[in-house]
Each structure stands twice: as structure tokens, then as C-alpha cells.
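Trainee: I have a few "how do you know" questions about this one. Can we go through them together?

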Amino acid sequence: MFDEPTIGLHSLDVQTLLKVFQKLIDNNATIIVIEHDLDVILNADYIVDMGPFGGVNGGEIIFQGTPGEICNFKNSKTGKYLKE
């Protein structure tokens with residue numbers, strides 16, 4: 001499990017991290033990532049979007065599915081930004 005592994009990384013470093021993730025996946029690893037970086041989210045096989053806001057106004061699952069599906073889900077702020 002990785003908890004926000006891209007914090008402070010340059011965008012080129014994020015691409016390197018995604019390559020490392022892919023190597024792990026190619027070797028039958030399961031990766032769970034808590035993340036806000038849109039590039040990482042777009043590379044996910046499956047997304048669990050929490051919300052609708054942060055803190056005490058969050059914590060509910062508002063979407064589960066693929067990056068393509070979340071882009072069409074109007075109640076997801078994540079989907080809105082992935083679409084742009």
C-alpha cells in the first residue's frame with residue numbers, strides 16, 4: 001500500500017513511479033494507492049472515490065469503477081478533473 005507517494009515529486013518522477021508500479025503489476029503484485037495525482041489516478045485499473053468533501057464532510061464511498069467510468073459520473077469531483 002502506498003499513501004500519497006507522489007507528494008513533492010516532479011512530474012517526470014511520477015512517470016518513473018508509474019513504471020515501477022507497472023513492473024510490480026507485471027510480477028503479479030496488487031497495488032493499493034491513496035492518491036490525488038491525476039496521472040496516477042488515470043493509470044489505475046479501479047478507483048474508489050471518497051467524498052463528497054474532506055474531513056467530517058467526507059468519508060463516504062461516492063464512486064467505484066474505472067477511470068473512464070468516473071469521468072461520466074457527475075457527482076464526482078475527481079471525475080470532473082480527470083475529464084479536463
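Trainee: What makes T6 count as buried or exposed?

Mentor: Keep in mind that this is a predicted model. Buried means under 20% relative accessible area, and T6 has 8% relative accessibility, so T6 counts as buried.

Trainee: Where is T6 found, and which residues is T6 in contact with, leaving aside its neighbours within four places in sequence?

Mentor: T6 is in the loop between strand 1 and helix 1. With those neighbours left out, its contacts are V14, L17, E35, D37 and V40.

Trainee: And helix 1: how do you know that its span agrees with its number of residues?

Mentor: Helix 1 has 16 residues (residues 11-26), which should span 22 Å at 1.5 Å a residue; the end C-alpha atoms are 23 Å apart, so that agrees.

Trainee: Which residues of helix 1 are buried, and what puts them on the same side?

Mentor: V14, L17, L18 and F21 are the buried ones. They cover an arc of only 105° around the axis, so they sit on the same side of helix 1. In an α-helix there are 3.6 residues a turn, so residues three or four places apart point the same way. Their cover includes strand 1 (2-3), strand 2 (33-34) and helix 2 (38-42), while the face turned away carries the exposed L12, K19, K23 and D26.

Key. Residues numbered from 1 in each chain as written. Predicted model: local features only at pLDDT ≥ 70, side-chain atom pairs only at ≥ 80, totals over all residues. Heavy atoms only, no water. Helix = DSSP H or I, 4+ residues; strand = E, 2+ residues; numbered from the N terminus. Expected span 1.5 Å × (residues − 1). Buried < 20%, exposed > 50% of the residue type's maximum accessible area, 1.4 Å probe, protein only. Arc of directions from axis to C-beta. Contact = heavy atoms within 4.5 Å.
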